[in-house]
Structure formats: structure tokens, C-alpha cells
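Please look through the structure below before reading on. The text after it is meant to be followed with the model open.

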Number of protein chains: 2
Amino acid sequence: MTRIAHLTESGLLTRIVPALTRPPAVEVGPGDDAAVVRLASPRVVVTTDTLTQDHDFLLRATTGARIGRKAAVQNLADIAAMGAHPVALVVSVSAPGSTEVAFLEDLSAGLAARAERDGASVVGGDLGAADALSVTVTALGQLREGQAPILRSGARAGDVLAVGSPSLGRSAAGLAWILAERDRETGARDLVAWHDAPDPDLSLGWTAARRADGTAIATAMLDISDGLVRDGRRLATASGVTIDLERDVLAHDVAQLADAGAALGADPWTWVLHGGEEHAMLATFPADEVPPGFRRIGTCGALADGAGAEVLLDGGRIEGAGFDHFA
Amino acid sequence: MTRIAHLTESGLLTRIVPALTRPPAVEVGPGDDAAVVRLASPRVVVTTDTLTQDHDFLLRATTGARIGRKAAVQNLADIAAMGAHPVALVVSVSAPGSTEVAFLEDLSAGLAARAERDGASVVGGDLGAADALSVTVTALGQLREGQAPILRSGARAGDVLAVGSPSLGRSAAGLAWILAERDRETGARDLVAWHDAPDPDLSLGWTAARRADGTAIATAMLDISDGLVRDGRRLATASGVTIDLERDVLAHDVAQLADAGAALGADPWTWVLHGGEEHAMLATFPADEVPPGFRRIGTCGALADGAGAEVLLDGGRIEGAGFDHFA
């Protein structure tokens with residue numbers, strides 16, 4: 001069993017980097033001071049996010065490949081949520097010297113595989129020492145010339161709220177199974193796998209949310225990272241609207257988690273309304289233009305004079321809150 | 001004293017982000033899923049690097065502002081070393097809930113100030129919880145249309161090796177003072193400040209290393225992050241040359257550290273030859289074209305048949321090695 005303390009940094013990078021492909025857009029790949037990537041236009045879309053051991057994942061309860069896929073997805077989702085196409089990722093891994101090289105190889109392979117599925121390549125990386133494992137990914141995306149990014153702020157009263165996922169709350173339900181530390185049946189294992197590495201269709205962000213000519217259909221978009229209600233409120237606040245979620249529709253999401261809720265003594269509504277780390281696209285559309293792949297779950301209404309943006313359920317207040325790193 | 005656990009993540013970001021300026025190149029700044037930045041051409045130069053508490057800095061021995069400046073410099077230097085102009089930074093900070101908000105504000109301000117000096121803006125950030133403080137910066141750079149990046153691999157026998165710094169070894173000498181935990185005179189305080197936040201002239205990478213028409217004068221370039229000998233060997237290996245450093249020239253660098261060496265019982269040659277975290281530009285030029293701001297410190301020679309690339313001092317072998325994260 002080779003641990004990373006046994007290798008030099010450059011020796012380690014050699015073990016991890018060869019897995020990466022080098023498409024034509026990558027003018028300079030890993031190995032120099034920086035990478036050079038060709039884009040569709042002279043604009044770059046950029047986002048960054050970190051996963052830290054014991055805070056964002058439990059090392060003993062997941063795998064290197066799943067950590068890599070999750071780190072990729074949470075950043076690719078932010079690019080997709082701008083209606084932009086991911087093109088490149090760079091990754092900075094900090095790890096204890098006792099970390100197995102095979103573990104990092106799995107992490108790197110998981111990251112690269114998820115990125116490639118969405119058309120992006122890992123073009124650079126950095127490896128450093130730390131007491132706990134952490135993975136920071138920065139994703140770069142491209143927009144065609146003249147194509148406007150899809151912001152959070154464009155929703156209007158009368159728009160429909162829709163989500164690019166057949167089922168919400170799975171990541172939170174999977175986390176509940178992990179924290180319960182109980183034997184799991186098949187359904188539970190699927191939920192845990194989804195929590196460890198959520199697998200939403202991110203391409204909806206740069207395909208379905210736009211027309212064939214590249215103009216946006218979505219009036220506003222973000223990805224669900226901290227919960228439907230919390231992220232919905234962000235969109236509502238940025239746009240100056242209220243959002244009313246539809247109980248009848250979300251009841252289908254809740255029903256799919258009924259077994260897990262019963263087994264764990266939890267209310268699946270909490271998972272559906274407040275569960276984070278889904279990374280599905282959450283967007284608003286003109287009422288008659290919800291595209292395939294998106295599912296209507298609510299509507300946008302006008303703000304009353306002086307009122308703050310709210311997210312309601314069938315017009316009523318919602319209890320509870322989404323995820324906050326420090327709350 | 002407000003600690004970050006007292007605020008929500010978005011409340012915290014509001015405290016940290018307002019310090020940031022928003023130049024015209026930043027089409028979408030912090031606050032949406034991702035930032036959008038306009039570049040000089042449809043190519044982006046990208047690099048990422050992490051600083052971790054107790055591994056890359058001693059929290060009790062530095063300040064938030066210095067950590068921010070160091071995190072900026074080590075990434076901006078990688079952009080500069082491609083002969084590219086920095087345009088934007090994103091930063092991911094992981095920190096314990098007990099971290100003081102004022103400390104993070106200082107870190108953010110130091111990072112932004114250093115970036116702005118080189119023409120770059122902080123366009124996005126992420127804040128998460130961790131047991132130890134870490135700061136990951138990703139820097140984006142631009143190249144004018146048709147402008148080739150300056151790689152490590154272009155040095156040729158007969159080229160001159162030159163460094164964009166008046167004095168090497170200061171960062172390592174400063175670290176030696178920190179680790180000695182002794183009272184410091186003025187000179188020592190300057191070295192410690194340089195170690196905490198090295199301040200090389202990075203603009204040499206995108207100005208002096210190129211002609212006015214943008215073509216490269218430098219045949220190869222990188223920045224000194226792990227030591228003159230180790231980084232010199234990387235350049236030599238990528239280019240297929242040997243490098244011979246000039247003892248008479250480097251003796252001036254050594255002389256400037258003589259007092260520190262005497263006070264600490266250390267050999268300043270080790271700091272000059274092997275000291276990392278200088279982040280000065282190290283480049284090769286045709287012999288008659290070393291530009292102002294660069295100082296000749298050696299020459300490139302042809303590889304003997306079957307021999308590996310080496311870095312020598314007046315033709316002789318050099319003992320010791322540079323910094324390795326896991327060695």
C-alpha cells in the first residue's frame with residue numbers, strides 16, 4: 001500500500017495526471033505554471049467550491065471516486081446554472097501524508113470522468129499537505145459570442161418555477177441514512193450513493209434552458225445546493241418576486257422517500273423542501289415555455305409593497321431552513 | 001469580537017465581498033452561481049494553489065492580510081510566468097467557526113489589494129467550515145490574440161538564465177527566523193515580512209519578458225516556488241538543457257543574508273539556492289536580450305548524450321534539495 005508521503009509531489013502528480021484526456025480546446029495542459037484553454041468567445045464563466053473532510057463528507061463513509069464526482073458536480077452545476085457550457089476544471093487537493101495513493105487516483109478518476117461527461121477536462125492541479133483531506137475545484141465555462149448568462153435576477157411575476165430533476169430530497173435522505181449508521185436495503189443504498197455523489201442532469205442548464213439559437217428561455221436559474229426553499233428564496237430575492245410551491249406536485253417527491261422516512265422516523269417533507277446538495281437546475285420560465293427535462297413545481301408572484309421575497313407552499317408559510325455552513 | 005459562527009454564510013460573504021472593486025471586464029461579479037469575466041482573446045490561462053494552516057503558514061506567526069497577499073502572489077506568479085496578464089481571482093476559504101470575522105476581512109482585503117496591484121479583481125468566493133484554516137486561490141489570466149504563452153520548455157543551449165528579483169533567499173531566511181522564535185532586529189523583521197507575503201515584481205512576466213509587439217523575448221519561464229535549483233531543474237528538464245549558475249553573481253544574494261546566517265548559525269547559500277516561496281520570475285533569454293528588471297545568474301548548455309538535465313554551480317554539483325510538500 002503506497003501512501004503519498006512515500007512519493008514526491010511531482011511523482012504523485014505523474015500518478016494522477018495521466019488519466020486526463022487532452023482535447024483540442026486545451027492548448028496547454030497540466031505540467032507548466034498554468035494551463036491555457038481556448039473558449040467559444042472572449043468571456044469565461046468561473047466558480048469555485050471546496051469539500052472538506054468531516055464537514056462536507058465523512059471519509060470513512062464514502063469513496064475517493066465519489067468525493068471526486070461530488071466535487072466536480074457541485075462546481076459544474078454552478079456553470080450550468082449560468083446557462084454556460086463547462087469547458088475546464090482545475091483541482092487543488094490537500095491531504096495528509098498517510099493518504100493512500102490509490103485513493104487519490106480514484107478521486108482524480110472520479111472527478112475527471114464526471115467532468116468529461118459534461119464536456120469539460122481537468123487541465124491542472126495542485127497537491128499539498130494538510131491534516132484533513134480537502135478538495136477545491138474551480139470550474140470554467142464558456143458562452144457563445146452574444147449569449148447572455150442566465151442570472152438569478154430575471155424571474156417575473158407569472159413565471160413558472162421548474163426543477164431539472166425527477167425527484168428532490170434524495171441527497172438529504174441519503175445523509176440521514178449515513179448518520180443513522182444502520183444496515184441499509186437497496187433503496188437506502190441508492191440514496192446514500194446519491195448523497196455521496198449526486199448525479200443531476202446538468203446539461204439542462206446549457207441545452208433545455210436555451211433555445212436552439214442560444215437565447216435563454218429560462219428567465220432566472222440557479223442550482224439547488226442548500227435546499228429548495230433556501231435557494232428558491234435567493235432567486236426570489238434577486239428577482240424581486242415571491243415563489244409559491246405546489247404541494248400536490250412535491251407530494252410525489254415526498255412519496256418516493258416515504259419508505260426511508262418511515263425507516264428512519266423522519267419527515268420526508270423536510271428532505272424535499274430543505275435538503276441540500278441536489279445540484280439540480282432550479283429555473284423560472286414563461287408559463288407556456290417550460291422545456292422538456294424541467295418539471296413545474298411552483299409559480300412566481302408579485303411582491304406586495306414593502307414585503308420581502310418569500311417562498312410559500314400553497315400560499316402558506318414554510319417552517320424550517322436549509323443548510324448553512326456555520327449555523 | 002465577532003466570530004464567523006455568529007453569522008450566516010451569506011451574511012459573512014456580505015462582510016467580505018463589498019471590499020472588492022468591479023472593473024468593466026467583470027460582467028458578472030460575486031453573488032450569482034458563477035462570475036463572468038471578459039478577456040482580451042478567447043483563451044484563458046488558469047492556475048490554482050492552496051495555503052493550509054500549519055503546513056504553508058503558522059497562524060500564530062502571521063496576519064490575515066499577509067495570508068491573503070501570499071495566496072494571491074503564489075497564484076498571480078503562475079499566470080505571470082506564462083507571460084500572461086492576470087485578470088481575475090476566485091477564492092475558497094475554509095475556516096473554523098471560531099475564526100474572527102475581522103481576521104477574514106483582513107485576509108480578503110490583503111488578497112484583493114495584491115490582485116488589484118497586478119490588474120486583477122476578485123470575482124467570486126466560497127466560504128466553508130473546516131477544522132483548520134485553508135485558502136485556495138484560482139487565478140485567471142489573459143493573452144492577446146495570437147500571443148503564445150511562454151512555456152518552461154523553450155530554453156536553448158547558449159541562452160542566459162535570469163531572475164526578476166534583486167535578491168534571492170529572503171523567504172527561506174524569514175522562515176528560519178520564524179522557526180527560531182527569537183527576538184528580531186529590523187533586518188530580520190523585513191525577512192519575516194517577505195516570507196509571510198513575498199512581494200516580487202510579477203509584472204516582469206507580462207511586460208519585460210515580451211517585446212512591445214507582444215512577442216516573447218523569454219524563451220522559457222517559470223516562477224521560483226520551490227527553490228532556484230529545483231525550479232531551475234524543472235525548466236532544464238522541460239527544455240532539454242543543463243543550467244550552470246554563476247557563483248560570483250549569487251554571492252551577492254548570499255552576502256545580503258550574511259547577518260541573518262550568522263545570527264541563526266545557518267549557511268545563506270542554502271537559502272539562496274534552495275529557498276522556496278520567492279515567486280520571482282526565472283526565465284531564459286537569448287544572450288544579448290536580457291531585459292531590464294531581469295538579472296543574469298547563469299547560462300544554459302547542451303545536454304551530453306544520454307545525460308539528464310542538471311543545475312550546476314560554476315560547473316560543479318550542488319548539494320541539497322528544494323522544498324517538497326511530502327518529503
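This is a predicted model: local features need pLDDT of at least 70, side-chain atom pairs count only at pLDDT 80 or more; totals for chains, interfaces and linings use all residues.

The contact itself takes 61 residues from chain A and 61 residues from chain B. On the side of chain B that touches chain A, the elements giving two or more residues include strands S1 (26-28), S2 (35-38) and S3 (43-52) of chain B, along with helix H2 (64-80) of chain B. S3(B) gives the most to this side, with nine residues. By class, the side of chain B that touches chain A has 30 nonpolar, 17 polar and 14 charged residues.

The sheet comes next. Strands of a sheet pair through backbone hydrogen bonds, either parallel or antiparallel. In this model an open sheet of six strands runs in the order S1(A)-S2(A)-S3(B)-S6(B)-S4(B)-S5(B), and its pairing is mixed. Strand S1 (26-28) of chain A and strand S5 (121-129) of chain B stand at the edges, each with a single partner strand, so one side of each is left without a neighbour in the sheet. From one strand to the next, the twist averages 25°.

Within chain A, S1(A) pairs with strand S2 (residues 35-38) in the antiparallel sense over two bridges. A:Val28 has A:Val36 in S2(A) as its bridge partner. Between the chains, S2(A) and S3(B) run antiparallel and are joined by four bridges. There the bridge partner of A:Ala35 is B:Val46 in S3(B).

Turn now to helix H4 (residues 170-180) of chain B. Eight of its eleven residues are buried, so H4(B) is largely enclosed by the rest of the structure. Among the buried residues are B:Arg170, B:Gly174, B:Leu175 and B:Trp177. The cover over the buried residues of H4(B) includes helix H5 (186-196), helix H8 (258-264) and helix H9 (268-274) of chain B. Just after H4(B), B:Glu181 takes a positive phi of about 50°.

How values were computed: Residues are numbered from 1 along each chain as its sequence is written. Chains are lettered from A and ligands numbered from 1 in the order in which they are written. Two strands pair if DSSP finds at least two bridges between them. Axes are lines fitted to C-alpha atoms, for helices over the stretch in contact, and angles run from 0 to 180 degrees between N-to-C directions. A residue is buried if 20 or more other C-beta atoms lie within 10 Å of its own, exposed if 12 or fewer, and partly exposed in between; C-beta atoms are placed from the backbone. Two residues are in contact if their C-beta atoms, placed from the backbone, lie within 7 Å. Ala, Val, Leu, Ile, Met, Phe, Trp, Tyr, Cys and Pro count as nonpolar, Asp, Glu, Lys and Arg as charged, and the others, Gly among them, as polar.
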